[in-house]
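Please look through the structure below and follow its helices and strands.

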Amino acid sequence: MSRRTVVVIGATGSQGGPVARELLKSPDLYHVRALTRDPSKPAAQELAELGAEVQAFDLNAGIDALLRAFTNANAVFAMTDFWATRSAQAEAIQGRTIIDAAAQTSTIGHFIWSSLPDPEKVSGGILKNIHHWKSKSLVADYIQQQYPDLWGKTTVVLFPNYFENCLSHPERYLSQTDAQGVYHMYLPHSPSTVMPNGSIRDTGKLVRLILEDGATYFTKTVAFYSEAISEAEKQAMIGKKYGLQTMYHVISPDEHQKKLESQGLSPGIALDYTEQLLMFEKFGNVCGASEFIQAKEIPGLRLQSWAEFLEENDILVNMRAF
């Protein structure tokens, strides 16, 4: 296999970072062009030390900047960050501009798009406020509808609920203790409602496999998660590990939205989060659909489980931090 130049958008972030670091393990196979807003920050400097070509890049800079970044690229891992703007419209514009530039770059032989399911399609039009899913799914549709040649060498990856969310946002993802030391979780989910979960650190392993198997994944959608597990079961496993008394409470969607608003989220974003949970409550594990390739079933790909994540991380420290 000849050495390929792979452009990684968001190369210092939670998705792009693992991709860049995984590919940098094989400098004879991959030249990594790491795009990041701030090349001076430690994560970017670390990538440079590992051999990456680090470039300053802003997704709002327009198509000409993207065309320069894509010069002679053989593959692209592309993603957008809804949470940077909290605007579905802004994210969709960024995504379409990435697609326009990729379609004009003749050297690209594989395009990987980080996405999520279309919430309106999956819910039959019932759930219309999961904006951070919708904007990404619109971009995936845009590739198929506007650029069939690019679609012919595209892989869409649907991302999971990250295990790491409980480290970065413990106030939303972990139980809270009361005066008696009992840890409580409040969600609009039955205790048996499962969601696709996985470690974001495994992104690199998955993307590398997709790149190496190439045409096997063209025009395909890969559902990336290691297991479908309920939040009640995750809570119970934390309790068992640390010898804690835990209680799981089912609350209404309105109560959940108000709880998120009390934590500082805007009503619109709180509704977005709440409807995301309702997607799995009402429609099951939508990422487990037969139309998607299940990453956890790909031969040779080892994805971390929740039990393994608990062994590696001191969740109790985060539970006591708020």
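Helices H5 and H7 cross in a right-handed sense. This is a predicted model. H5 covers residues 88-103 and H7 covers residues 131-146; they pack at an angle of about 25°, and their axes are 9 Å apart. Angles under 35 degrees count as roughly parallel, so H5 and H7 are roughly parallel to each other.

Which residues of H5 and H7 make the contact? On the H5 side they are Ala88, Glu91, Ala92, Gly95, Arg96, Ile99 and Asp100. On the H7 side they are His131, His132, Ser135, Lys136, Leu138, Val139, Tyr142 and Ile143. Sorted by class, the residues in the contact of H5 with H7 are 7 nonpolar, 4 polar and 4 charged.

A second pair is formed by helix H13 (residues 253-262) and helix H14 (residues 267-283), whose axes come within 9 Å and cross at roughly 135°. H13 and H14 are therefore oblique to each other. The crossing of H13 past H14 is right-handed. H13 contributes Pro253, His256, Gln257, Leu260 and Glu261 to the contact. From H14 come Pro267, Ala270, Leu271, Tyr273, Thr274, Leu277 and Leu278. The contact of H13 with H14 has 8 nonpolar residues, 3 polar and 1 charged.

Next comes a sheet. Strands of a sheet pair through backbone hydrogen bonds, either parallel or antiparallel. Here 3 strands form an open sheet in the order E8-E9-E13, and the pairing is mixed. Why is one side of E8 and of E13 left without a neighbour in the sheet? Strand E8 (176-177) and strand E13 (246-250) stand at the edges, and each has a single partner strand, so one side of each has no neighbour there.

E8 pairs with strand E9 (residues 183-187) in the antiparallel sense, over 2 bridges. Gln176 has His184 in E9 as its bridge partner. A helix also belongs in this part of the picture: H12 (residues 231-242) lies across E9 and E13, and runs at about 165° to E13.

Now consider the whole protein, which has 16 helices and 14 strands. Its C-alpha trace spans about 60 × 40 × 40 Å along the principal axes. How does the radius of gyration fit with a compact globule? For 322 residues, a compact globule would have a radius of gyration near 20 Å, and the protein has 20 Å, so the two agree.

Technical notes:
Residues numbered from 1 in each chain as written. Predicted model: local features only at pLDDT ≥ 70, side-chain atom pairs only at ≥ 80, totals over all residues. Heavy atoms only, no water. Pairing = 2+ DSSP bridges. Helix = DSSP H or I, 4+ residues; strand = E, 2+ residues; numbered from the N terminus. Contact = heavy atoms within 4.5 Å. Axes fitted to C-alpha atoms, helices over the stretch in contact; angles between N-to-C directions. Parallel < 35°, antiparallel > 145°, perpendicular 65-115°, else oblique. Left-handed = near helix turned anticlockwise from the far one by under 90°. Nonpolar A, V, L, I, M, F, W, Y, C, P; charged D, E, K, R; others polar. Rg over C-alpha atoms; globule rule 2.2 N^0.38 Å.
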